[in-house]
Amino acid sequence: MKYFGTDGFRGQANRNLNMYHALKIGRFIGDYFSKNGKGKIVIGKDTRRSSYMFESALAAGITSSGSDAYLLHVTTTPSVSYAVRSDYFDCGVMITASHNPYYDNGIKLINSHGEKMDDEFLEKLETYIDSDIEDIDLAVDTNIGRTIDYTIGRNRYIAFLIQTVTKSFKGYKVGLDCANGASFTIAKSVFDALGAQTYVINDKPDGFNINVDSGSTHIKFLQKYVIDNKLDCGFAYDGDADRCIGVDHKGNVMDGDTILYICGKYLKEQDALETNTIVTTVMSNIGLYKALDRQGISYSKTPVGDKYVYQNMAENGHSLGGEQSGHIIFAKYANTGDGILTSLMMMEAMIENKTNFAALSRDLKIYPQVLENIRVKDKDKVLNDPKVVAICKKVEEDLGDSGRVLVRKSGTEPLLRVMVEAETDETAKEKTKEIVEVIKSTGLCD
């Protein structure tokens, strides 16, 4: 794909992703879904300054091509997916660059099932982006579409989240870090409605402070906040709230692997872990796999990307899957990562077990993990170099059952990602260095 990667069309606003791109995307989807009557397309956005510009351009493109544009305004990616499914939209659009800085933005397309749009559709869209805008006729007279305020859709999503929970949160002090992003319109309302004493930070977006020293990628601020305010736990979201990272009452971080372990055990206890299997990516920690083995829970591994996690779940009937980064999918409720839903499921597990998160994760030992990116001229050539193959095999043998090696290609950059897990930081760093030195000795690095 030229424009669309695994998580939409990303780029710096008005540089490599500009308002003309948004207008043409709107023109294409507006025309595509108006073939059999007026199409219905719902749009959500995060809090970046440029999101408002892209929203206007998309809506203009959609309506000028004969479809109606429904505006959810500032909302989360999973809420767009929910709206598409529950209110029978033809397509959903989310304007966000997730955990990236404010000057980046992106456009995600969601199909009528609430899933990421298929590659065949995106290839046709990319062809149009590179063609003349006049290749699609302008709608005229009564065929011109409408732009409709659809704040009610966001309210329905809030109600949906509340209804997924069977326990009261009364008596629990919970911290929420909204990353100055999309969750600020939703998360506190949900936790308040469920009875929690809710403490919120980074919920005052100004268009430029999204993800700045906040949210799931800067968890140390929530750690300190939970400890200082003696909270029972805390949850941090990213810019569009499709991921969640937790903090227990001691300030310990609960990443996606820890969340999968706690929720996987809970679902198994409730006889709700379909196929007794959790779907992970290849980046999940060896400690998670060892802990799941002890619990008698099976696991499946996919390439990195929640897209691949969901595909595996859908094809095999699994009910839980996710990524170390905090994209967690609960198939009973959603077909995409949902940070707020994840935090609710975590609360249910804790309340049901009448304990705290530190106790629930006590049997999980996360192994130290070192990751280093190496810029190379030819990823496949380096990976197949006999010296590189040999050193990876040697390190794997040295580590045995007490560690793991993963050398993989970046999907978007000319990089190899070298990851080593071991029982100590020192060992992980030492073994990573051994592999990196051999890679650099091939003469194929930039």
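Predicted model: local features only at pLDDT ≥ 70, side-chain atom pairs only at ≥ 80, totals over all residues.

Residues are numbered from 1 along each chain as its sequence is written, and side-chain values use heavy atoms, with hydrogens and water left out.

**The second largest pocket.** The second largest pocket has a volume of about 350 Å³, and its lining is made of 21 residues, with Glu 115, Lys 116, Met 117, Lys 307 and Tyr 310 lying nearest the centre. A pocket here is an open set of points on a 1 Å grid over the protein atoms alone, where a 1.4 Å probe fits, with protein on both sides within 12 Å along at least five of seven lines; lining residues have an atom within 4 Å of a point. Two or more lining residues come from each of α3 (77-86), β6 (104-110) and α10 (306-316), and the largest share, five residues, belongs to α10. Helices (H or I, at least four residues) and strands (E, at least two) are DSSP runs numbered from the N terminus. By class, the lining divides into nine charged, six polar and six nonpolar residues, where Asp, Glu, Lys and Arg count as charged, Ala, Val, Leu, Ile, Met, Phe, Trp, Tyr, Cys and Pro as nonpolar, and the others, Gly among them, as polar.

**Aromatic rings.** The structure holds 20 aromatic pairs, a pair being two rings of Phe, Tyr or Trp (its six-membered ring) with centres within 6.5 Å; planes under 30 degrees apart count as stacked, over 60 as edge-to-face and the rest as tilted. The pair of Phe 169 and Phe 191 is tilted, because the ring planes stand at 45°, with the centres 5.7 Å apart. Since Phe 169 is in the loop between α5 (151-163) and β8 (173-177) and Phe 191 in helix α6 (residues 187-193), the pair ties together parts 22 residues apart in sequence. Both residues, Phe 169 and Phe 191, are buried, that is, under 20% relative accessible area (1.4 Å probe, protein chains only), with exposed meaning over 50% and partly exposed in between. Ring pairs also link Phe 28, Tyr 32, Phe 33, Phe 121 and Tyr 128 into a cluster.

A charge sits over a ring if NZ of Lys or CZ of Arg is within 6 Å of the ring centre and within 35 degrees of the ring normal.

| Charged residue | Ring | Distance to ring centre |
|---|---|---|
| Lys 301 | Tyr 289 | 4.3 Å |
| Lys 365 | Tyr 367 | 4.6 Å |

**Thr 217.** Thr 217 is placed in the loop between β9 (197-201) and α7 (220-228), and counts as partly exposed because its relative accessibility is 36%.

Technical notes. Points joined across faces, edges and corners; volume = space filled by probe spheres on them.
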